[in-house]
Amino acid sequence: MHIAVAIPCYKVTQHVLGVIAAIGPEVHTIYAVDDACPQGSGRFIEAQNQDPRVKVLFNPENRGVGGAIVTAYKAAIADGMDIVVKIDGDGQMNPALLPQFVRPLLRGEADYTKGNRFFRPESVQGMPPVRLFGNAVLSFMTKLSCGYWNIMDPTNGYTAARTCVLAELPLDKLEQRYFFETDMLFRLNTLRAVVKDIPMDSVYADEESNLKIGKVLPEFLKKHAARLWRRYVYNYLVRDFNVGSLYSLFGTLLVLAGSAFGSVHWLNSAHSNHPATSGTVMLAALPIMIGIQCLIAFLHYDVSNIPTEPLSRPPSMPPAGECWAKTASPSCKKCKTLMPSDPAKRWSGTTL
């Protein structure tokens with residue numbers, strides 16, 4: 001299994017060499033993408049780096065973090081890599097965690113893994129309150145629009161993906177800037193890819209985040225609403241028509257009908273100064289209550305409809321202690337060493 005690391009490089013000359021040096025020997029290739037950096041990150045890496053695994057890629061114009069990662073994804077697919085791990089070049093992501101992100105992919109448990117800084121209470125103690133609140137809001141919005149109700153921290157950029165899954169995505173249509181990670185989850189859901197969170201600690205120094213919640217929240221709301229609608233139409237009307245579709249359609253119709261009926265009679269009562277009868281109130285309230293129950297049932301169905309079968313599940317593995325040649329001896333005849341008992345280790349050929 002060939003593992004690659006993608007590093008977007010934009011104003012990271014102070015940290016990127018340290019990040020590269022911390023990447024372990026299990027990685028086959030390192031793609032450093034100069035996203036039209038004004039500091040000349042690409043040329044700096046070419047002049048100072050001594051690691052032969054590093055390949056410097058250049059974007060002719062600044063495309064944002066999403067555009068830089070898409071450049072690395074395309075190169076990894078073309079070079080025959082199996083897994084691509086995205087690590088930022090600013091030193092805020094620990095390369096030592098890479099095996100934890102890759103392991104579920106090697107075991108065939110997931111197609112895409114991402115970091116989650118909210119898994120342990122201790123890991124969020126150093127997170128500024130504004131970021132904590134903003135990430136909580138964005139996480140809930142992402143659950144609605146992308147359909148992955150089992151994940152948290154959607155803006156976390158520490159990710160790993162199987163290239164066979166990336167090849168099925170419209171990479172050129174992905175958002176190129178701050179919405180990239182969320183749009184990636186939306187596209188993965190259309191493929192029914194399995195996404196898994198990996199616990200990690202948050203690391204914050206004195207740097208100022210470029211992601212201003214108050215500025216991007218209106219834009220994010222608009223984009224989340226658009227993707228929620230597209231996901232609903234695709235999953236519940238076009239690709240399939242199931243009980244969730246019935247719950248959502250009947251629930252919406254009943255709520256709208258009850259609200260319209262109640263509003264008309266309320267206006268008539270206000271103009272005529274005659275209160276509505278109890279029967280009229282019930283005719284307005286009952287459809288609304290039943291409709292809300294249908295919408296809650298639809299939400300429950302959507303939560304239970306999370307993808308669980310990975311697209312990139314590897315072929316059958318030999319029993320513990322046997323090599324791929326299926327020899328009777330627990331020792332591999334080729335390398336003359338005892339094979340690891342963990343199937344994921346035998347599958348990867350590494351000590352991950």
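Here is a friendly conversation about helix packing and salt bridges in this predicted model.

Visitor: Why are helices α5 and α7 called roughly parallel?

Guide: Helix α5 (residues 129–146) and helix α7 (residues 180–191) pack at an angle of about 30°. Angles under 35 degrees count as roughly parallel, so α5 is roughly parallel to α7. Their axes are 9 Å apart, and α5 passes α7 in a right-handed crossing.

Visitor: Which residues make that contact?

Guide: From α5 there are T142, S145 and C146, and from α7 there are T182, L185, F186 and N189. By class, three are nonpolar, four are polar and none is charged.

Visitor: Now to the charged side chains. Why is the pair D51 and R53 called a salt bridge?

Guide: The N to O distance between the side chains of D51 and R53 is 2.8 Å. The limit is 4 Å between a side-chain nitrogen of Lys or Arg and a carboxyl oxygen of Asp or Glu, so D51 and R53 qualify as a salt bridge.

Visitor: How do you know whether D51 and R53 are buried or exposed?

Guide: D51 has a relative accessible area of 18%, and R53 has 17%. Buried means under 20%, so both D51 and R53 count as buried.

Visitor: What separates D183 from R187 along helix α7?

Guide: D183 and R187 are separated by about one helical turn because they are four residues apart in helix α7. Their side chains meet at 3.7 Å, N to O, which is within the 4 Å limit for a salt bridge. D183 and R187 are buried.

Visitor: Which residues are linked with D183 and R187 in a network?

Guide: E175, E219, K223 and R227 join D183 and R187 in a network of salt bridges. By the 4 Å rule, the count for the model comes to 17 salt bridges.

Notes:
Residues are numbered from 1 along each chain as its sequence is written. This is a predicted model: local features need pLDDT of at least 70, side-chain atom pairs count only at pLDDT 80 or more; totals for chains, interfaces and linings use all residues. Side-chain values use heavy atoms; hydrogens and water are left out. Axes are lines fitted to C-alpha atoms, for helices over the stretch in contact, and angles run from 0 to 180 degrees between N-to-C directions. Helices (H or I, at least four residues) and strands (E, at least two) are DSSP runs, numbered from the N terminus. Angles under 35 degrees count as roughly parallel, over 145 as roughly antiparallel, 65 to 115 as roughly perpendicular and the rest as oblique. A crossing is left-handed if the near helix is turned anticlockwise from the far one by less than a right angle, and right-handed if clockwise. Contact means heavy atoms within 4.5 Å. Ala, Val, Leu, Ile, Met, Phe, Trp, Tyr, Cys and Pro count as nonpolar, Asp, Glu, Lys and Arg as charged, and the others, Gly among them, as polar. Buried means under 20% relative accessible area, exposed over 50%, partly exposed in between (1.4 Å probe, protein chains only).
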